[in-house]
Amino acid sequence: MYQALTFYHSIFRWLVLASLIFAIYNAYKGYTSKRHFTRTDNAVRHWTATIAHIQLVIGIILYSQSPVIKYFWTNFKDTVHHIDMAFFGVLHIALMLIAIIFITIGSALSKRKPTDNEKFKTMLIWFSISLIIILIAIPWPFSPLANRPYFR
């Protein structure tokens, strides 16, 4: 089960990034051109948040099943000083939770804004902040904190 979860979590990362980048681009184009917030724009907002939430559920299940995380919490005093262990034990999950919270807030707020331009602006701001946090929290192969391959 652990290997399957790792695989799905790795694949879903790309879906989250693609949907988030597309939603940000869509919000930017809508905001700068002052166009109407259509059903398609609303679907982009909704599906971006949904994909992020699916990834969160996979990540939380993976976190609870991971032998690395179990070892981290069992030997906390020793492992907290190892940056890669601390990254997965605390930093990765904390930053990703914050990013998903920002996506959720941005999605909910933009849905409730009275004008189309405000909807696009709200999505643009909240989703962009989330993307930056996610890019920091992903264990890229070149990351100094912890690294993993692009696909597992």
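User: What makes α1 stand out in the lining of the largest pocket?

Analyst: In this predicted model, α1 supplies the largest share of that lining, 7 residues. A pocket is an open set of points on a 1 Å grid over the protein atoms alone, with protein on both sides within 12 Å along at least five of seven lines, and lining residues have an atom within 4 Å of a point. The elements that give two or more residues to the lining are α1 (2–33), α2 (39–65), α3 (67–74) and α5.

User: How many residues line the largest pocket, and which lie nearest its centre?

Analyst: The lining holds 27 residues, with His-9, Leu-62, Phe-88, His-92 and Pro-139 nearest the centre. The space in this pocket is about 610 Å³, a volume being the space filled by probe spheres set on the grid points, which are joined across faces, edges and corners.

User: How is the lining divided by residue class?

Analyst: There are 17 nonpolar, 7 polar and 3 charged residues in the lining. Ala, Val, Leu, Ile, Met, Phe, Trp, Tyr, Cys and Pro count as nonpolar, Asp, Glu, Lys and Arg as charged, and the others, Gly among them, as polar.

User: Why are α5 and α6 called roughly antiparallel?

Analyst: Helix α5 (residues 83–112) and helix α6 (residues 116–137) pack at about 170 degrees, their axes 8 Å apart. Axes are lines fitted to C-alpha atoms, for helices over the stretch in contact, and angles run from 0 to 180 degrees between N-to-C directions. Angles under 35 degrees count as roughly parallel, over 145 as roughly antiparallel, 65 to 115 as roughly perpendicular and the rest as oblique. The pair is therefore roughly antiparallel.

User: How many helices and strands does the chain have?

Analyst: The chain has 6 helices and 0 strands; helices (H or I, at least four residues) and strands (E, at least two) are DSSP runs, numbered from the N terminus.

User: How do you know which residues and atoms count?

Analyst: Residues are numbered from 1 along each chain as its sequence is written, and side-chain values use heavy atoms, with hydrogens and water left out. Because the model is predicted, local features need pLDDT of at least 70 and side-chain atom pairs count only at pLDDT 80 or more, while totals for chains, interfaces and linings use all residues.

Definitions and conventions
1 Å grid on protein atoms, 1.4 Å probe; cavity = no way out; pocket = protein on both sides within 12 Å on 5 of 7 lines; lining within 4 Å.
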